[in-house]
Amino acid sequence: MAFLAPIALLGLLFVPLIVAFYMLRLRRAERVVSSTYLWQQLVRDVEANAPWQRLRRSLLLLLQLLLVVALALLVARPFTERAATLARDLVIVVDATASMAATDVFPDRLTAAKRAAIEALAGLPADARVSVVAAGNSARVVANEVSDRGRASRAIEGIEVASAGGNLSEALTLAGALGARARGAEVLVVTDDAGERSAAAGGGEVTAGERDRLRVPVRVLTVGRDRDNQAIAALAVRVDPSGLKRSAFVSVSNSAPSRVIRRLQILADGSPVTARDLQLEALTRADVVIDELPPGTRIVEARLGMGGGDDGRGDEGADQLRIDDAAWAIVPPDRLQRVLLVGPGNVYLQNALALLPNVEVYGATPTEYPTTTGKESFDLFVFDGWLPPELPDKPILAIGPPSTSPLGTVKGTFSEPAVAEAPADEPLLRNVDLSRLHVAQAQRIELPDWARPVLTGPANAPLIYAGSRMGLPTAVVAFDLRQSDLPLQVAWPILTANLAGELLGLAPSNLDSVRPGSPVELPLVRDATGVRVTLPDGTTREILPSATGASSVTFVMTTQLGPYRADPILPRSPAGSAPTPSGPAPPTPSGSPFRGQSNSDPSPGTSPATTGDASDPSIRFAVNLFDPNESNIAPGDGSRLAAWGTDQPNTAAANGRARDEWWVPIVLLVLLLLVLEWLVYERDGARRLLEATRAGVTSLMPRRRRRA
Amino acid sequence: MTDSRPGTLPGGRARPDLLPSAIDPTVFDEAFLRQLERLTLVMRKAVQGGTKGVRRSPKRGQSVEFTDYRDYALGDDLRSLDWNVYARLEKLFIKLFVEEEDVTVHVLLDASASMGHGAPDKLLFGKRAAAALAYVGLASYDRVSIAILQGRVARRFPAVRGSGRVFQVLADLSAVRAAPGPSDLAAAARHYASQVTQRGPLIFISDLFDPNAERAISELAGTRSEVSVLHTLSPDEIEPQLEGDLRLVDGETGASVDVTADLVALDAYRIRLATWQADLESHCWKRRVAYVPVPSTLPLADLVFAELRRRRVVA
């Protein structure tokens with residue numbers, strides 16, 4: 001045993017001081033008694049005539065001497081050395097993905113993982129440096145090259161489970177980069193082995209080709225035992241073609257190796273609608289359609305609970321992961337959207353618009369447009385080859401604008417422009433294949449500041465662009481449809497649906513299927529200074545645009561599962577009342593209705609939507625886990641993760657020496673000695689208290705019992 | 001009607017002026033004295049007394065209780081001849097009767113300085129007990145010898161006989177004060193034992209706070225008297241009311257002892273006291289001495305009519 005601060009052993013000088021205090025004669029009160037004959041025979045501390053008296057055996061003295069010795073040892077920090085089991089530079093990756101919330105180990109996997117990681121710190125050499133990476137929905141460094149194990153432990157303790165799927169490859173890459181800063185570094189991954197699970201599931205998260213990215217050895221500590229879990233794998237609400245009924249589609253998966261019975265409960269705006277027991281076979285999914293959604297429902301919630309079973313008892317304990325037992329879906333608005341198509345007449349456009357769900361299309365020629373009444377009641381204006389002198393303050397889709405306007409400056413025309421490859425992440429082009437698009441002639445329009453290019457032609461000249469113009473969603477197709485083969489392609493109705501969706505706020509596009517931790521683009525309505533987002537736990541966050549005139553804000557705090565609501569922050573009106581974004585009840589439009597339809601969107605999971613109430617400009621969206629990799633909590637052995645590291649043995653770890661400090665038992669000893677010293681000193685009081693308590697208890701006992 | 005005023009004797013006789021004021025007269029009221037008169041100090045063996053009394057003597061005498069015959073000798077009193085036997089056997093026999101004599105009751109009171117402590121102090125209790133037992137002896141027509149043990153000597157009052165001398169006894173006892181300074185109980189007892197010429201009941205009243213207390217008892221038992229030890233302790237000696245770090249000063253010797261009077265120490269004291277009393281009782285039993293531990297708070301009537309009766313000191 002050695003000492004880190006041997007100078008502190010000077011504290012042992014207090015030992016003779018305490019002994020001297022005990023040898024000093026105590027000043028006592030005199031009491032005359034008849035005889036000291038009996039006292040003399042039993043009293044040990046007979047005094048001497050000198051001011052110093054003989055040192056006698058005293059339990060109190062012994063305890064105080066032991067206390068001084070223990071305190072001196074504590075300050076001197078004794079330690080023992082042993083061979084280190086970990087490298088001097090260690091990067092700990094703690095898996096904090098959703099599956100780590102599984103409770104198959106007590107209390108949950110993440111807690112067990114953190115405990116294992118902290119225990120592993122004991123194998124570090126004395127001069128070790130530790131970095132800690134939390135692998136949630138993204139990799140995050142929570143401690144960087146700290147030499148204080150307490151700080152490292154606190155950093156590990158502070159890691160919380162994320163309600164999102166994991167990305168261990170990102171965390172391993174980050175850990176490899178951190179470990180590459182020093183020679184002989186090592187990566188320790190504490191996980192339930194989501195990487196192997198992802199690979200087995202075909203996710204490709206950890207692949208053999210990426211192995212050479214890490215030049216440090218990777219050691220894996222696995223936690224987790226069972227794979228019993230049931231999850232809501234999907235939840236979507238779709239509208240009946242009649243537009244009157246809404247159905248919820250729920251998919252429930254069972255990862256357990258045995259058949260279980262679970263109760264599925266559907267709630268509409270918090271009120272129970274129906275509940276049914278599902279028999280889930282081992283490793284299967286069950287799909288359920290709920291048709292009983294009440295009209296006007298805005299949020300549908302599905303909960304998975306314990307099943308009733310034949311005997312009335314549920315299968316308790318068979319669901320080890322709770323966070324995937326609930327899902328939410330936002331019901332698309334019921335309100336019919338009115339679209340005014342202004343143009344000479346385009347059957348392709350009319351048909352494509354008329355196919356949209358919940359859309360009523362009206363038509364007008366350019367000559368009829370100035371006299372058309374009730375323009376305020378339209379939600380979207382589609383100008384086909386014509387633009388009015390004054391654009392309405394409504395969302396606009398312009399097809400082949402003939403001249404310069406606030407929608408864009410026309411600088412000429414293209415002839416048979418080459419169509420560039422469509423960007424993969426463009427939401428308007430989702431499920432749209434324009435690789436075979438041919439355009440005979442298109443307007444050469446300069447891209448306005450408020451727009452983003454959707455499809456470009458030569459020299460990045462936009463063929464299709466969209467954006468928020470003064471808070472109004474606007475899209476422009478730079479060519480006449482009749483000058484292209486676009487209306488003849490399969491992509492046409494889909495592109496029309498995507499455009500109408502973004503312009504009408506129906507878009508499932510960028511807000512569809514929000515995953516935990518993913519950023520959400522929230523459009524800014526006109527005059528709005530920001531967006532106030534209400535989280536599922538009731539807290540609110542205000543998001544302000546990063547630049548003046550921005551058409552949208554990005555909300556990134558989507559870590560909570562559940563429904564979110566985003567309300568525009570509008571400046572106060574002089575009268576003190578908030579302006580309503582829409583006017584009074586719309587008058588009957590004078591345009592010719594082509595066809596009024598309320599078809600539903602064929603794609604499920606239209607989670608975010610504006611509310612059906614026209615006076616409510618809020619946007620709702622739901623964040624759901626819906627991650628089969630996380631719901632399948634079967635733990636792995638970590639071999640695939642370990643294969644990420646180098647195969648070369650780490651000699652640095654073998655050369656290091658780990659220190660075990662003895663302060664914990666010494667502190668316990670000090671506390672014990674303090675308690676004993678107090679008890680010995682106050683033994684009379686304690687005994688009197690005990691006797692008084694006994695007497696009190698005895699007096700409270702019934703007399704008959706006392707006699708017995 | 002009987003005059004029950006303090007200072008009057010049974011039968012309405014006037015009280016001599018010797019009644020000491022130090023002794024509470026209410027303790028010795030008429031009813032109590034009448035009860036005392038019915039008691040007698042127990043003698044297990046007949047002992048030879050001095051003058052004629054009411055106790056059986058080993059000698060043959062003139063009482064009415066027949067004991068034996070012997071042959072007639074010249075000079076014998078002819079009134080003692082048994083003529084009936086002579087008529088049958090034609091031989092002269094003299095009838096012998098039990099002689100009845102008095103005995104000397106020895107009352108020894110320890111008046112060392114330690115007896116002056118306690119509430120009530122042990123010496124007052126001892127004086128009252130001595131007076132009561134002396135009166136029992138006087139009422140039984142015994143000679144009563146009272147001695148005060150102080151220092152190394154026994155100060156003996158003149159022996160008295162007859163209940164009329166009770167006030168003399170009370171006066172003598174009232175004048176007794178606790179002697180300051182150290183005492184030697186064994187030496188004082190030896191001193192008294194050397195003066196004992198007549199055997200009889202010997203009551204020794206003391207707190208026995210002396211290292212040589214057992215030797216003192218042995219000295220008294222050596223007189224072949226029927227010794228009874230009234231071991232008197234005050235309540236604060238039986239259950240000390242002490243707490244904290246104290247220096248206990250011996251009221252007799254002035255010696256001091258430093259103690260930490262906690263519950264452990266008090267428990268040890270109680271154990272030590274019990275052991276000491278058990279040792280004393282064992283020592284007394286071996287020497288045929290009656291050992292009677294009495295607290296100084298014990299009422300005199302309870303002492304005489306209950307405790308001493310139970311111990312067969314009086315009957």
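The following conversation goes through parts of a predicted model.

Q: How are residues and chains labelled here, and what does the model require of local features?
A: Residues are numbered from 1 along each chain as its sequence is written, and chains are lettered from A and ligands numbered from 1 in the order in which they are written. As this is a predicted model, local features need pLDDT of at least 70 and side-chain atom pairs count only at pLDDT 80 or more, while totals for chains, interfaces and linings use all residues.

Q: How many helices and strands are in chain A?
A: Chain A has 15 helices and 33 strands. These are DSSP runs (helices H or I, at least four residues; strands E, at least two), numbered from the N terminus.

Q: What is the strand order in the open sheet of chain A?
A: The order of its four strands is β12-β11-β14-β15, with antiparallel pairing. Two strands pair if DSSP finds at least two bridges between them.

Q: Which strands stand at the edges?
A: They are β12 (271-280) and β15 (326-330) of chain A; each has a single partner strand, so one side of each lacks a neighbour in the sheet.

Q: Over how many bridges do β11 and β14 of chain A pair?
A: Strands β11 (residues 260-268) and β14 (residues 299-306) of chain A pair over seven bridges, in the antiparallel sense. Opposite L267(A) stands E301(A) in β14(A).

Q: Changing topic, which residues are buried in α4 of chain B?
A: In this helix (residues 166-174), they are V166(B), V169(B), L170(B), D172(B) and L173(B). Buried means that 20 or more other C-beta atoms, placed from the backbone, lie within 10 Å of the residue's own.

Q: And what covers the buried residues of α4(B)?
A: The cover includes α3 (122-139), β4 (143-150) and β6 (160-161) of chain B.

Note on methods. Buried ≥ 20, exposed ≤ 12 C-beta atoms within 10 Å, placed from the backbone. Contact = placed C-beta atoms within 7 Å.
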